[in-house]
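Please open the structure in the viewer and follow the selections below in order.

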Amino acid sequence: MPISKGFVDQEYLQLVAQTVARYKQSSYNYMRLQNGDTVLDVGCGPGTDTIPMAQIVGRGGHVFGIDYDEEMVAKAVAAAEQAGVNTFVEHKKGDAFSLPFESNCFDACRSERLFQHLSDPGKAFAEILRVTKIDGWVVVLDTDWSTLSIDTAEVDLEQRFKNFRIAQFHQNGYSGRQLYRLFKQQNLSEISVEIYPIFVTNPTLARQIAVLDEVEQNALSKGIISEAELNRWQMVFKSDATFFGSLNLVQVSGRKA
Ligand SMILES: C[S@@+](CC[C@H](N)C(=O)[O-])C[C@H]1O[C@@H](n2cnc3c(N)ncnc32)[C@H](O)[C@@H]1O
């Protein structure tokens with residue numbers, strides 16, 4: 001069983017948001033947001049995307065954010081107030097498997113890095129489609145954790161860590177690569193795919209993004225690696241000048257037929 005079920009704190013999400021800022025912007029373009037639109041972000045976290053989208057749809061529009069973590073919702077509500085957009089940006093506690101909205105009510109819906117935490121992404125996707133208007137746009141972004149790559153001579157250890165991380169930290173660590181299939185199976189039209197590469201040359205940042213402190217301690221306590229192997233593996237993060245790691249984020253967009 002995964003040891004983490006999608007709980008990540010606000011600081012972690014802000015750090016990743018800075019790293020993927022231009023991809024978030026691109027996802028809003030794929031939603032074809034217009035002034036006056038009513039839009040939804042599923043698994044919205046602390047409002048990282050709802051508030052920028054509010055600037056695009058304006059006061060004549062409406063932005064909703066749903067997250068099942070009460071703390072995230074409270075932070076998103078506070079962020080909307082602080083940004084002065086709380087009259088038309090609403091955050092609610094809710095489950096992606098059972099969205100608290102009527103069918104066919106949103107011009108566009110998005111979800112980012114949520115599906116990797118879901119046991120049944122197909123069910124959540126069907127819910128997103130249900131609440132999207134006919135001809136409305138759906139944009140889903142997720143990580144394909146199998147693309148995590150770190151420049152090291154310890155290739156065997158790298159693979160073991162990666163596989164362990166995928167199994168322990170995510171319900172569905174391969175979600176990025178599955179999105180195209182979900183869109184095709186549900187017959188969306190005008191489907192397009194973007195692969196957004198993330199690369200990091202700062203080893204401390206790479207460790208934070210991949211939550212490596214926690215992964216390593218768990219791998220050690222479960223006997224996946226030995227102390228000696230851990231020491232060898234950690235050497236790669238000491239080479240500040242030459243460190244290189246990369247990971248792919250997959251975005252699929254399409255239109256509800
Ligand atoms: C990795 S975070 C991404 C947050 C945000 N989309 C972003 O890009 O910063 C995943 C979020 O999904 C939420 N989440 C996980 N499972 C959920 C579910 N079944 N329904 C609604 N939200 C969920 C978590 O609480 C967390 O805030």
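For this tour, Ala, Val, Leu, Ile, Met, Phe, Trp, Tyr, Cys and Pro count as nonpolar, Asp, Glu, Lys and Arg as charged, and the others, Gly among them, as polar. The model is predicted, so that local features need pLDDT of at least 70 and side-chain atom pairs count only at pLDDT 80 or more, while totals for chains, interfaces and linings use all residues. Residues are numbered from 1 along each chain as its sequence is written, and side-chain values use heavy atoms, with hydrogens and water left out.

Select the ligand and the shell around it. The shell divides into eight nonpolar, six polar and seven charged residues. Of these 21 residues, Gly43, Asp67, Ala96, Glu112 and Arg113 come nearest (near: a heavy atom within 4 Å).

Next, display the polar contacts (pairs of N or O atoms within 3.5 Å). A polar side-chain atom of Lys24 is 3.0 Å from a ligand oxygen atom. Polar backbone atoms of Gly43 and Ala96 each lie by a nitrogen atom of the ligand, at 2.7 Å for Gly43 and 2.9 Å for Ala96. The protein buries 98% of the 600 Å² that the ligand exposes when taken alone (accessible area by the Shrake-Rupley method with a 1.4 Å probe).

Now select helix α6, residues 155-169, and helix α9, residues 212-221 (helices are DSSP runs of H or I, at least four residues, numbered from the N terminus). Their axes, lines fitted to C-alpha atoms over the stretch in contact, are 10 Å apart at an angle of about 95°. The two helices are therefore roughly perpendicular, a term for angles of 65 to 115 degrees on a scale from 0 to 180 degrees between N-to-C directions.

Finally, show the side chains where they meet. Phe161, Phe164, Arg165 and Phe169 of α6 make the contact with Glu214, Val215, Glu216, Asn218 and Ala219 of α9 (contact: heavy atoms within 4.5 Å). These residues comprise five nonpolar, one polar and three charged.

Definitions and conventions:
Polar contact = N/O pair within 3.5 Å; in protein donor to acceptor, adjacent residues only side chain to side chain. Parallel < 35°, antiparallel > 145°, perpendicular 65-115°, else oblique.
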